[in-house]
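Hi,

Here is the structure I promised to pass on.

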Amino acid sequence: MNLKFVFFSLCVVTSFSVGARGLVSLEGDQSWQSRNEARIPNATGTLFSLSDFSKGPFTTGRVYVGYTWNNKHELRGLYAPLSVEVNGRFANAVNYQGETFASGVNTTGFYKFNSYRLTYAYHIVTGKQKEK
């Protein structure tokens with residue numbers, strides 16, 4: 001069984017508190033690409049699109065954690081990996097990074113865009129202050 005599918009099924013959106021101040025969120029997603037064009041080098045390379053090989057869906061997920069202290073300070077972290085591997089055949093020869101890929105030959109393309117984020121927030125007005 002595909003491990004990514006199992007991950008997606010278990011954590012489509014699963015969040016739980018860690019004590020009164022912590023949060024962990026696991027999210028699964030199905031992503032599609034409508035446009036994913038590349039040309040390297042820009043002057044002499046051939047413009048092509050990986051979405052011509054496959055538009056998806058691709059299983060993805062992300063992990064979000066947060067911790068709040070003193071009702072004013074919050075630290076949040078996000079890890080969202082995205083890797084897509086597609087297989088197909090170019091209709092015409094493609095020149096990419098100085099290498100030529102012939103038309104009609106099985107070709108594998110790989111796209112990777114991982115996102116990492118660390119955020120600190122200082123809350124000037126908290127929920128308890130709003131109620132007063």
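This is a predicted model: local features need pLDDT of at least 70, side-chain atom pairs count only at pLDDT 80 or more; totals for chains, interfaces and linings use all residues.

Residues are numbered from 1 along each chain as its sequence is written, and side-chain values use heavy atoms, with hydrogens and water left out.

Strands first (DSSP runs of E, at least two residues, numbered from the N terminus; two strands pair if DSSP finds at least two bridges between them). Strand S2 (residues 22-31) runs antiparallel to strand S5 (residues 58-69), with 10 bridges; one of the contacts has Val24 facing its bridge partner Val65 in S5. S5 also pairs with S6, again in the antiparallel sense, over seven bridges, and there Thr68 has Glu74 as its bridge partner. S5 and S6 make a hairpin with three residues between them, and Asn70 in the turn has a positive phi of about 55 degrees.

Now the rings. There are seven aromatic pairs, where rings of Phe, Tyr and Trp (its six-membered ring) pair if their centres lie within 6.5 Å, and planes under 30 degrees apart count as stacked, over 60 as edge-to-face and the rest as tilted. Among them is Tyr67 with Trp69, stacked at 6.1 Å centre to centre and 20 degrees between the planes. Tyr79 and Tyr116 are stacked too, because their ring centres are 5.5 Å apart and their planes at 25 degrees. That pair links distant parts of the chain, with Tyr79 in S6 (residues 73-80) and Tyr116 in strand S11 (residues 115-122), 37 residues apart. Tyr79 is partly exposed at 38% relative accessibility, whereas Tyr116 is exposed at 58% (buried is under 20% relative accessible area, exposed over 50%, partly exposed in between; 1.4 Å probe, protein chains only). Ring pairs also join Phe48, Phe53, Phe90, Tyr96 and Phe101 into a cluster.

Strand S10 (106-112) is one of the strands supplying at least two lining residues, and S10 gives the most, with five.

Cheers

Key
Helices (H or I, at least four residues) and strands (E, at least two) are DSSP runs, numbered from the N terminus.
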